[in-house]
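Work through the exercises below with the model open. Each task is followed by its solution.

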Amino acid sequence: MSPSFRRAAFLVVVFSALVGGALAAETGAQAVKVRQTQMKALGAAGKVVGDQFRSGKPDPAIIRREADKFEAAARILPNLFPAGSGREAGVKTRALPAIWSDPSGFAAAVHRYAEAAGKADAAAQKGDMAAVGGALSDLDHACNGCHDKYRAKEHG
Amino acid sequence: MPPPLAAGERRLLWDKPTRLLHWLIVGLVAFSWWSATHEHLPWHRLSGYTILGLLLFRVIWGFVGARSARFGSFLRGPVAAFDYVRGRGAALVGHSPLGGWSIVAMLVVLFVQVGLGLFSVDEDGLQAGPLSRFLSPDPDVAYDRGRAIAHLHHLNFRLLLALIALHLAAVAFYAVRGRNLLGPMITGRAALPAGAAEVRPVPAWRALASALLAAALAVFVARGLRF
C-alpha cells in the first residue's frame, strides 16, 4: 500500500466520520426542534382547555377538539425522543440524559401521560365535563412529574 | 392637635391593621414561594389573590388609616431623605423619609409580582393566572406570552428577595445603633420622641370597610374580571 493511498484512505475515513457526525447532529437537532414544536402545541392546547374551565362553563365542542390533541400526542410522544436528541444534538435542549439512561422509568412517565390523556379524551367524547376536569388534574401531574425528572430546570 | 407626648413614653406607633397586614404579607410571601417550588399551583394562586387583597387594603389604608400608616405622612421629597441620611432631619414618628420610599418600593415590587402572576401560564398550559385569558385570541401566542410573563414573575421574585434583604439589613442596622424596629411592628408601641404628636387609632369600621372593598376587588380580579 502506497503512502499516498493510505493517506487518501485515512482522509476518506475522517471525512465520512465528520459527515456522519454532522448528519447525526443534524437529525438530532431536527428531533429537538420537532419535539419543542410539539410540546409547545400541547402547551397551547392546555391553555385553551384551562381557559375553558376557568370560565366556569367549558364548551364541550372545544374540549373535545383539544382533548383529541392530548390523546394524539400520547401516541407520538415516545417517538419524540430518538437517541442523539439530547445534549449531544448540539442545540439548546433541556432534555436530560436520564431519558436514555433510564428508559423504563421514562416509559412509565410517558405511560402516565397517555393514561391521563386517554381518560380526558374518553370523558370529553361523552361530554362529561366534570370527569374531564378530574382527568386534567392527572394530566397536569403527569406533565410536571415527567418534566421534574427528565428535564433540566429552567432557572439554574 | 393631640397633646404632645413626653420623651420616652411608649405610645401607639403602628395601628393594628398595619401590623396584621405586615405579618400576613410576610407569611404569605413565604407560603407563595413554598407552594410554587412544590408545584402546588392552586394554593399558590390562592396565596397570590390574598396578597393582592392585602396590598389593595394597604393602599386604601394609606389614605384612611392611622396617621403613621398614611402615605401623606411618610412620603417626603428627596431633600428630606438627604437631610435624614446626613443626620439633619427632624425628630420622626414612624417611617423615616428613606424608609417611606423603601415601603413604596416594596409595595410596587409586590404589586408587580402579583400582576405578573395573574398573567402567567404554567408550562403545560393547563394552569394559568386568571388574566392570562386576555393575552391573545391565538392560543399559541397566548401560551408564548404567558410563558414569557412567567419568567418575568420569576425574575421579579429575585428583586423582591433583594428588597427583603435590604429591609432586614435596615432593621439590623438600626438594632445595632440601639433602635428596635421589630418590637413596635409586633406590639404597635414605641418610645416616641419628645413633642411628637400622638398616633391615634382610627375607628374599626374604617378597617372593615377597607377590607371589604379590597377583598371585593381581589375576588373580581381572581375571577378573571368576571362577577
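**Exercise 1.** How much area is buried between chain B and chain A, and what percentage of it do carbon and sulfur atoms give?

Solution. This is a predicted model, in which local features need pLDDT of at least 70 and side-chain atom pairs pLDDT 80 or more, while totals for chains, interfaces and linings use all residues. Side-chain values use heavy atoms, without hydrogens and water.

Step 1. Take buried area as the accessible area (1.4 Å probe) that two parts lose on being put together, summed over both. Between chain B and chain A this comes to about 1900 Å², with 50% from carbon and sulfur atoms.

Step 2. B:Glu123, B:Asp124 and B:Leu126 supply 32% of what chain B buries against chain A, more than any other three residues.

Step 3. Count contacts (heavy atoms within 4.5 Å): 22 residues of chain B touch 23 residues of chain A.

**Exercise 2.** Find how many salt bridges cross the interface of chain B and chain A.

Solution. Step 1. Apply the rule: a side-chain nitrogen of Lys or Arg within 4 Å of a carboxyl oxygen of Asp or Glu.

Step 1. B:Glu123 pairs with A:Arg151 in a salt bridge, at 2.1 Å from N to O.

Step 2. By class, the side of chain B that touches chain A has 10 charged, 6 polar and 6 nonpolar residues. Here Asp, Glu, Lys and Arg count as charged, Ala, Val, Leu, Ile, Met, Phe, Trp, Tyr, Cys and Pro as nonpolar, and the others, Gly among them, as polar.

Notes:
Residues are numbered from 1 along each chain as its sequence is written. Chains are lettered from A and ligands numbered from 1 in the order in which they are written.
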